[in-house]
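Please examine the sequence and the structure before reading on.

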Amino acid sequence: MIQLAIPIAMSLLLADDPTATPQDQPKAPEGVSAPVPTDPWPAWPAPPIYRGNPRGYTTGLDLTVSLAGDGWQGPLIDAGGGTLTIGLVNRDPFCVADLRGLETRHNLEGFQIEGDFDAAERRLVFRVPDQAMVGLTVRASWPVISFSSRIDEPVAATITWPRQWPEEASRFLAPSAYIESDDPIFTDFVAKISNGRIRRTPIYLAAKDLVRRTIMEFRVINGTTMVMEGDGFVRGYNVRGARIATQELAATPADLTCACIAVLRAAGIPARPVIGMDLGEDRKDKSKLPRGRTSMCVWAEFHLPGAGWVPFDPWQMRGQGLSHKPVRDAWRWFGSIDDMNRRVALGYDFAPYAFGVTPDWPAGWSWRVNSRSFIPGQVTNVVSPILVSKGPIRP
């Protein structure tokens, strides 16, 4: 179980007047609710969040689903049809897709793109034919633009809690697969750290300290982000979930991200995981992700009222002396992240759309077949990330 820390740091975040209410805190500057576009692409954030340094990519997934084992077990699917769904982030402040350039290759019946044209997320839904099939193969790729992120720390630290969260954010307050934010282990943690006064703290500073405290609780971090086959093929994210990881104080990068999100949600701050991929080619920064090759990765975002989503990467933040860093200073991998333009987002949920299942480990896709059910380990899958850099681009 988490060892509940003494609520000193959160108290230091409060206004000089210890009796101050959220209404007494400095207000967001004029213009936050009606920002001016900073570039010609959609989904730009509002100040104090900024994006820049756009880079173009071709991105997507290449996946195969089949029965496990070497022996003949009959077809994977007898009949009845079904669907295979790949999620994609369509309009994110730091990743914008262009599905006019979508290319697919598959052995299924066809596909359709679901979701509104300008929705934050859309879905590629492939139709499984009503016939016997030994395996399913799908490759889908599309153009995207990714951006680096920057946040004006002093301005962000003046934004207060909203009376009501917008719809796009409020759905990320509820518990979800692998993020059991209603568990007492998280609600008690928040109550002890904040001493019940969290809404007297500017929301950006509160989120920052909650993330720091969560990271510091974990004794063991397993740096293996993905579950791999013996030949190096990817099966999916190595994730057990926030509750189990927190009970054991041992986590993978995905588990650590889930735990941070669970704590933020328990505190009433909308937060979400971002699953995606990272370009390791020509890397010169101090990222913990592999150099020289594309890898799948996970990070997080929380909502800043009137501005948008703030990215942070708990795994990258670990090991940087967080316990001694003033909360009003800029922290690496929190808010301002130069290499966000080397990442492409696929989705905001390890179990996308609560639709269908993944064979073993989540990886940005799900499937449902109508003819049979499968026991754990009966089905195997191989997922390959697609990320081809087109280099820097200009408006």
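Which residue in β7 does Phe 111 stand opposite? Phe 111 stands opposite Phe 126 in β7. The model is a predicted one, in which local features need pLDDT of at least 70 and side-chain atom pairs count only at pLDDT 80 or more, whereas totals for chains, interfaces and linings use all residues. Residues are numbered from 1 along each chain as its sequence is written, and side-chain values use heavy atoms, with hydrogens and water left out.

**Strands**

Helices (H or I, at least four residues) and strands (E, at least two) are DSSP runs numbered from the N terminus. Two strands pair if DSSP finds at least two bridges between them. An open sheet holds four strands in the order β6-β7-β2-β17, with antiparallel pairing. Its edge strands, β6 and β17, each pair on one side only. From one strand to the next, the twist averages 20°. Strands of a sheet pair through backbone hydrogen bonds, either parallel or antiparallel.

| Pair | Bridges | Opposite residues |
|---|---|---|
| β6 and β7 (residues 121-128) | five bridges | Phe 111 and Phe 126 |
| β14 (residues 295-304) and β15 | five bridges | Ala 300 and Phe 312 |

β14 and β15 form a hairpin with three residues between them. In the turn, Gly 306 has a positive phi of about 75°. Strand β15 (residues 308-312) is largely enclosed by the rest of the structure, because five of its five residues are buried. Buried means under 20% relative accessible area, exposed over 50%, and partly exposed in between, with a 1.4 Å probe and protein chains only.

**Helices**

Helix α5 (residues 203-217) has 15 residues and reaches 21 Å from its first C-alpha to its last. This is close to the 21 Å expected at 1.5 Å a residue, the expected span being 1.5 Å times one less than the number of residues. Of the 15 residues of α5, 14 are buried.

Helix α4 (residues 184-194) packs against α5 at an angle of about 115°, with the axes 11 Å apart. Axes are lines fitted to C-alpha atoms, for helices over the stretch in contact, and angles run from 0 to 180 degrees between N-to-C directions. Phe 189, Val 190 and Ile 193 of α4 meet residues of α5 that include Leu 210, Arg 213 and Thr 214.

Thr 214 lies in α5 and counts as buried because its relative accessibility is 1%. Leaving aside neighbours within four places in sequence, Thr 214 is in contact (heavy atoms within 4.5 Å) with Phe 189, Ala 259, Cys 260 and Val 263.
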